[in-house]
Amino acid sequence: MVVAAGVDWGPTCERQARMTIRSRRETVTFRHPFRIRGIERLLPAGACEVVTDEEMIEGLSFASWRRVATMITVPAEGARGAVMEMLSIGSVDLAGAQRVDASAAHD
């Protein structure tokens, strides 16, 4: 049982406290300004860093991972210079934006 600051977290939180998290980073390049669902503004073309956090699924006889977060780093809205912000996005929405960008290159 996990006890922190006098609080009994019980067996459920103890199990979560042992979860293994990993982050994968990749650079995704958009050739055209693009949109991603959930972000209200048009994002500029260029290279963006995408970070995907995954947690290990415990109790299996083999290593398996579950995606828990996907974030993209883009220029901050209204900022000048190299100010960046990291926004949470859906992996399906990212794939859709990449598909639209790739098809626009062929038009």
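**Salt bridges across the chain**

Let me begin with Arg37 and Asp93, whose side chains meet in a salt bridge at 3.2 Å, N to O, where a salt bridge means a side-chain nitrogen of Lys or Arg within 4 Å of a carboxyl oxygen of Asp or Glu. Arg37 lies in the loop between β3 and β4 and Asp93 in helix α2 (residues 91–105), so the pair ties together parts that are 56 residues apart in sequence; helices (H or I, at least four residues) and strands (E, at least two) are DSSP runs, numbered from the N terminus.

Please keep in mind that this is a predicted model, in which local features need pLDDT of at least 70 and side-chain atom pairs count only at pLDDT 80 or more, while totals for chains, interfaces and linings use all residues. Residues are numbered from 1 along each chain as its sequence is written, and side-chain values use heavy atoms, with hydrogens and water left out.

Is Asp93 buried or exposed? Asp93 is buried, at 18% relative accessible area, whereas Arg37 is exposed, at 66%; buried means under 20% relative accessible area, exposed over 50%, and partly exposed in between (1.4 Å probe, protein chains only).

Turning to another pair, Glu85 forms a salt bridge with Arg41, with the closest N and O atoms 2.7 Å apart. Glu85 sits in strand β6 (residues 84–89) and Arg41 in the loop between β3 and β4, 44 residues apart. Here Arg41 is buried, at 18%, and Glu85 is partly exposed, at 24%.

Finally, salt bridges that share partners join Arg22, Arg24 and Glu54 into one network, and the count by this rule comes to 7 salt bridges.
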